[in-house]
Amino acid sequence: MDALPATGAGAASPTAADARRAGWRAWLLLTPVVGWLVLFVVVPTAVLFVYSLCERDELGRVVFTFSLESYGRVFDTVYVRIFARSIGYAAFTTVACLIIGFPVAYVIGRATEAWRQRLLLLVMVPFWTSFLIRTYAWITILKQEGLLNGLLQLVSLSAQPFDLLYTPFAVSIGLIYAYLPFMILPIYGSVEKIDGSVIEAAHDLGAGPWRVFSAVILPLSMPGIAAGTLLVFVPAIAMFAITDLLGGARVPLIGNVIQNQFLQARDWPFGAALGMVFMALFVVTYWLLLRFGREEEVA
Amino acid sequence: MSAAVELRAVTKRFGDFVAVDNVSLEIKAGEFLTLLGPSGCGKTTLLRLIAGFELPTQGTVWVGGEDVTDRPPYRRPVNQVFQSYALFPHLTVAENVGFGLRMQGVPATEAAGRVRQALDLVALTDMDARRPHQLSGGQRQRVALARAVVCQPRVLLLDEPLSALDARLRQSMQLELKRLQRQLGITFVFVTHDQEEALTMSDRIAIVNRGRIEQLGSAHEIYHRPATAFAAEFIGAANLLSARLVRRDAGSVRIQVAGGLELTLPSASWPGAMEEALISIRPEKVHVGRAPIPGANGFTARIEEEIFKGATDHLRLATAAGTRLQAVVANESALGEIFHVGEEICCGLHADDVIVLAAR
């Protein structure tokens with residue numbers, strides 16, 4: 001219907017009307033992503049939350065009642081220990097990725113344009129193969145008659161093959177390998193933005209190589225370090241495929257436990273409760289890092 | 001007085017490109033020296049050699065009587081003001097200015113006092129808590145300046161520090177820099193491609209071209225006695241004309257300028273064996289009038305073009321023989337002579353105002 005608002009008050013503020021229209025357009029553009037998030041994040045989380053408040057019967061079916069029993073079990077020492085171990089592994093992975101990744105990101109970020117493209121490509125190459133296949137590749141490297149043991153025996157470093165596969169070592173290698181690019185790329189992004197003359201200015205003002213690093217380069221890389229930490233720590237904590245494949249069942253992390261509750265133990269409410277607590281942990285970590293990152297970020 | 005900075009036979013090559021070609025230069029303590037030249041001439045490389053960001057391919061660099069050729073930038077008693085200012089974006093103004101003192105290990109209380117003084121010096125006292133991105137271009141420039149002078153360097157290097165500022169701000173900063181230099185007594189080495197900046201501020205100017213210093217001297221010397229055609233053209237305007245010797249008389253020489261104009265010069269100004277040379281005549285040294293000009297090489301010329309620029313009148317002249325000259329006439333009063341295109345006028349050139357350049 002053709003309304004005639006031109007004489008009304010609405011016509012007096014065309015800018016407000018424009019802004020409203022622009023807002024609608026923006027929402028229209030966001031529809032796919034909002035739809036995706038609602039369908040695959042909000043709804044499943046809500047379902048998970050409902051399950052976490054339920055109980056299960058002897059056959060593993062979900063009984064819809066209101067109960068906090070599952071949450072009570074989450075804080076059982078067994079699970080707290082697994083939580084702690086998961087956090088430990090994720091923290092170790094993050095620190096290792098930072099130590100290995102920072103120099104790499106720095107070199108790429110300060111390289112000439114042509115080299116930068118080539119080196120970035122090298123960082124991305126692993127993504128061309130499926131993550132599972134790459135993890136299987138580590139099995140062939142680490143197993144008793146695998147490449148690494150073969151090489152060690154070839155150079156006569158050891159007569160007996162080492163037990164590498166299905167150890168915490170293998171899990172750590174797998175985690176670091178899988179998440180290293182997620183540390184390198186954001187740090188690269190920060191390093192690349194540092195103005196070369198700022199580094200020269202620091203040298204000029206009497207800072208030796210180490211002081212330039214600690215007083216200028218490191219603080220200016222902080223947004224990238226924060227983002228990289230987030231991108232490594234959060235998924236590493238929940239990883240179950242690598243611990244399954246490279247750790248056997250010997251190093252269960254929280255991801256494996258949750259997976260087990262749903263697939264083997266058939267205790268959905270408990271799995272859901274673990275998942276919810278876990279998510280709360282993520283949100284807190286994320287919030288802390290975001291705040292930290294924003295403080296360090298500069299125009 | 002000993003030299004604040006000395007370059008001894010310094011050459012810098014980047015691959016096949018010779019950025020600095022066997023330059024020797026002595027910069028006196030306390031002077032304001034400008035390296036002036038077009039972009040790519042090597043002036044910034046000269047500055048970076050002094051700062052220590054580049055190592056010479058050959059030759060040595062001396063600061064305050066010491067050979068610093070092999071010393072990294074952080075062990076040289078010089079500080080630089082960068083073209084892009086290069087302020088630390090993650091630090092406040094006060095932290096930026098205090099950075100050098102922190103690196104030198106100056107005690108915090110003393111450093112705070114010196115930072116305050118430096119900020120007072122550049123009139124940014126109440127901006128100390130701001131971050132660089134909250135400042136205007138001119139304010140950033142002054143922070144960069146304060147950050148460098150607070151370290152009390154023997155030599156302050158300035159790499160086109162005013163080029164990012166608008167014209168009005170640039171002019172006031174020129175005077176401020178000069179005032180600061182006098183007040184602090186620090187040797188300033190200033191790089192620019194802007195001849196007006198160089199003339200306004202410098203004690204001495206080094207004209208840099210193709211990795212070499214074409215001429216080193218006061219603004220006066222370079223303007224009135226350019227050594228090369230490049231120097232003559234780079235500072236101010238010049239009529240550059242080729243000329244050849246006609247005859248040598250007792251105490252004077254007769255030369256013919258391209259196009260046919262003949263001039264008489266004192267024989268000392270024309271080196272003995274030379275047959276041909278390039279001469280430079282400043283446009284404002286060409287005197288024009290309706291009556292013959294006394295005591296000068298006189299000739300007549302036709303006005304081919306006249307451009308009125310307010311304070312001055314720019315004329316393009318052609319002599320009867322065909323020599324073309326630019327002339328600039330000061331408009332001293334509203335009732336002064338008005339020149340018209342096509343008019344024949346009398347011209348005169350004092351022999352001293354004809355500069356014979358060594359070679360092209």
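Why does A:Thr94 count as buried? A:Thr94 counts as buried because it has 24 C-beta neighbours inside 10 Å. The cut-offs are these: buried takes 20 or more other C-beta atoms within 10 Å of a residue's own, exposed 12 or fewer, and partly exposed lies in between, with C-beta atoms placed from the backbone. This is a predicted model, in which local features need pLDDT of at least 70, side-chain atom pairs count only at pLDDT 80 or more, and totals for chains, interfaces and linings use all residues. Residues are numbered from 1 along each chain as its sequence is written, while chains are lettered from A and ligands numbered from 1 in the order in which they are written.

A:Thr94 sits in helix H3 of chain A, residues 77–110. Helices (H or I, at least four residues) and strands (E, at least two) are DSSP runs, numbered from the N terminus. A:Thr94 touches A:Thr229, A:Val232, A:Phe233 and A:Ala236, leaving out residues up to four places away in sequence. Contact means C-beta atoms, placed from the backbone, within 7 Å. A:Ile187 is 93 residues from A:Thr94 in sequence and 13 Å away in space, C-alpha to C-alpha.

Now the chain contact. On chain B, 20 residues are in contact with 17 residues of chain A. Strand E6 (78–81) and helix H2 (93–104) of chain B each supply at least two residues to the side that touches chain A. H2(B) gives the most, with 4 residues.

Next, the cores. A nonpolar core is a set of buried Ala, Val, Leu, Ile, Met, Phe, Trp, Tyr and Cys residues joined through C-beta atoms within 7 Å. The largest has 105 residues, and B:Ile50, B:Val97 and B:Leu156 are among those that touch the most other members. Domain 1 (3–234) and domain 2 (239–357) of chain B both contribute residues, so this core lies between them. The domain bounds come from an automatic or database domain assignment. A second, separate core of 48 residues includes A:Ile184 and A:Phe270.

Last, a sheet in chain B. Its 5 strands form an open sheet in the order E13-E12-E11-E14-E20, with antiparallel pairing. Two strands pair if DSSP finds at least two bridges between them. E13 (262–266) and E20 (355–357) of chain B stand at the edges with a single partner strand each, so one side of each is left without a neighbour in the sheet. Further in, 6 bridges join E11 (residues 239–249) to E12 (residues 252–257) of chain B. B:Asp249 has B:Ser252 in E12(B) as its bridge partner.

Technical notes
Two residues are in contact if their C-beta atoms, placed from the backbone, lie within 7 Å.
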